[in-house]
Amino acid sequence: MFKLSIQSKRFIKQAIIQSRQYQTQQQAIPTTVRPNYATLTAVSLLAAGSGYWYGNNKQQSETSTTTATAITKKQLRPQVSVPAIPTHETITRAFNELRKVLPAEHVSVDEEALQDHGYSNNSYHNEGAPNIVVFPSSTSEVAEIVKIANQFDLSIIPFSGGTSLEGHFSAPKGGICISFTEHMDHIVEFHPQDMDIVVQPGIQWEDLNIYLKKQGLFFPMDPGPGACIGGMVGTSCSGTNAVRYGTMREWVINLTVVTPEGKILKTRQRPRKSSAGYDLTKLFIGSEGTLGVVTEITLKLAVLPQEETVAVCDFPTIRDAAAVVPDLVRAGVQIGAVELLDSQMMKAINLANPDLGHSEKPTLFFKFSGGSKVIVDHEIKVVSEIAKKHQGGKFKYAKSDAEKVELWEGRKIALWSSTLLKPEASVWTTDVVVPVSKLPDLIAETTKDLEGSFLPCPMVGHVGDGNFHVFILFNKRDEKEYQEAKRLNKNLLERAIRMEGSVTGEHGVGIGKKMFLTEELGENTVDMMKTIKIALDPKGLMNPEKVLPDN
């Protein structure tokens with residue numbers, strides 16, 4: 001038993017009508033000379049209609065099935081909401097409401113403030129400024145701000161140091177930027193006996209370590225200068241010390257968070273470990289402000305090493321230098337940092353400070369630290385032997401504090417030194433990470449790609465954990481150079497994914513890398529992330545269009 005399509009039913013109905021009309025017309029013709037054209041017409045039209053139905057319905061069925069499957073699949077996938085760009089009236093009303101819960105001078109629509117909190121010279125993903133910038137002084141004030149944003153369906157963008165590279169604080173939908181730089185940059189509590197500290201998101205990690213040094217303690221994460229703890233939580237950053245101390249995820253005990261509807265929660269209590277429920281602390285670390293606003297952070301602290309020194313060794317090729325890293329890991333050396341700088345970067349460093357006198361070859365910078373000189377000396381011996389095995393040159397290590405500062409100076413000035421290779425150029429700072437066993441291949445392939453480019457692209461990496469950066473120097477006003485920079489960055493990200501790595505080791509996803517997330521993690525994993533986002537932030541107000549790929 002089959003069913004006729006609507007089109008086929010109409011076709012046959014028309015055939016019957018025409019047949020009846022024909023029968024009426026034939027009544028005037030004698031039956032002896034009148035053939036039974038009506039029957040023939042009806043049969044012909046029915047046959048034609050059936051044929052039309054069969055062929056057309058089969059094609060339509062196949063097309064409809066394919067289309068329906070695609071539509072159903074899209075409908076079944078989680079769809080993250082995105083707020084609309086607010087009207088002038090909405091902004092005005094929200095502005096007036098914000099001034100009721102904050103001092104008037106803590107709510108700004110000054111054009112310079114809006115630009116400073118929406119655009120960055122370090123990022124090439126500047127897609128808009130906020131409509132209002134607020135400067136709260138407490139968690140309770142942040143909660144009131146979020147409630148007002150909810151009332152008017154306005155985006156909420158957290159801001160701390162403003163040093164991020166992937167458009168994290170850009171405001172493509174306008175909205176309210178919550179800036180922690182003015183009034184929420186303090187130490188809340190310090191527990192030296194427990195070796196932890198509670199801080200607000202606007203405090204800089206360098207200022208924190210200056211304070212802690214007096215207590216013989218430090219916070220091991222060391223990203224770029226000026227970075228604040230709030231942004232470091234948002235991106236799950238690390239830095240040169242990551243090979244020994246890990247990333248931000250290992251050093252945060254708990255968080256105070258304002259949820260998208262304006263509720264205040266603490267993710268857990270203060271002990272170093274807990275098995276109580278879901279790990280909400282790590283859920284918010286690396287979420288880049290898309291799930292809630294972090295207002296307080298409890299950090300673990302480490303004891304300052306009693307002994308610390310640095311060393312430098314050059315190599316004939318960059319593959320030789322990279323090959324040292326897997327051997328170091330397998331040797332179990334508790335090294336403080338391993339940094340790789342290629343020949344272009346070493347040239348830039350010599351241009352910046354000729355007195356350093358480094359050879360312009362691929363070079364590894366090592367940092368050693370430990371509880372005694374005996375331990376540090378042993379590690380230096382093991383590392384120097386591994387370096388020699390991979391064609392390493394003279395192994396120079398500091399024997400005094402002055403030499404330590406001088407030797408490490410090359411690594412410290414790498415980023416700004418790179419611009420000397422192309423004066424007045426912009427720097428696109430890339431960031432990928434792979435398993436350390438894949439690192440030599442990744443660096444070798446990347447070097448080959450960069451050598452074929454007309455842009456200078458020095459390289460530096462925290463290679464002890466497989467993470468490295470290429471500084472692509474280009475003129476952002478030159479379309480050809482900009483497109484070449486994009487091509488090199490895209491090649492690097494896809495190469496890292498192919499080698500079982502990640503498109504970001506420490507800079508975060510933001511706007512710049514969200515289109516690669518599905519390729520790296522898979523559709524089901526990204527859908528799970530979208531499901532979490534929808535559950536916590538159904539209106540999509542929290543830092544919209546960041547991290548997750550577009551629907």
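The exercises below concern a predicted model.

**Exercise 1. Describe the five-stranded open sheet and identify its edge strands.**

Solution. 
Step 1. Find the edges. β5 (187–191) and β9 (264–266) each have a single partner strand, so one side of each has no neighbour in the sheet.
Step 2. Consider the twist, which averages 10 degrees from one strand to the next.
Step 3. Examine one pair in detail. Strand β6 (residues 196–199) is joined to strand β10 (residues 293–300) by four bridges in the antiparallel sense. Within this pair, D196 has K300 of β10 as its bridge partner.

**Exercise 2. Describe the open sheet of four strands and the helices that pack on it.**

Solution. 
Step 1. The order is β1-β2-β4-β3, and the pairing is mixed.
Step 2. β1 (107–108) and β3 (156–159) are the edge strands, as each pairs on one side only.
Step 3. β1 and strand β2 (residues 132–134) run antiparallel and share two bridges; here V107 is placed opposite V134 of β2.
Step 4. Helix α3 (residues 88–101) touches β1, β2 and β4 (176–179), and its direction makes about 15 degrees with that of β2. Helix α5 (residues 139–151) lies across β2, β3 and β4, at about 175 degrees to β4.

**Exercise 3. Determine how α10 and α12 pack, and which residues meet.**

Solution. 
Step 1. State the geometry: helix α10 (residues 318–331) and helix α12 (residues 373–389) make an angle of about 145 degrees, and their axes are 10 Å apart. The crossing is right-handed.
Step 2. List the residues in contact. From α10 these are V324, D327, L328 and A331; from α12 they are V382, V383, I386, A387 and K389.
Step 3. Classify them: the contact has seven nonpolar, no polar and two charged residues.

**Exercise 4. Characterise the second largest pocket by its volume and its lining.**

Solution. 
Step 1. The volume of the second largest pocket is about 630 Å³.
Step 2. Its lining comprises 28 residues, and R249, I285, G286, S287 and M529 lie nearest the centre.
Step 3. Identify the contributing elements: α9 (280–284), α17 (517–521) and α18 (523–536) each give two or more residues to the lining.
Step 4. Sort the lining by class: 11 residues are nonpolar, 11 are polar and six are charged.

Key. Residues numbered from 1 in each chain as written. Predicted model: local features only at pLDDT ≥ 70, side-chain atom pairs only at ≥ 80, totals over all residues. Heavy atoms only, no water. Axes fitted to C-alpha atoms, helices over the stretch in contact; angles between N-to-C directions. Left-handed = near helix turned anticlockwise from the far one by under 90°. Contact = heavy atoms within 4.5 Å. Nonpolar A, V, L, I, M, F, W, Y, C, P; charged D, E, K, R; others polar. Pairing = 2+ DSSP bridges. 1 Å grid on protein atoms, 1.4 Å probe; cavity = no way out; pocket = protein on both sides within 12 Å on 5 of 7 lines; lining within 4 Å. Points joined across faces, edges and corners; volume = space filled by probe spheres on them.
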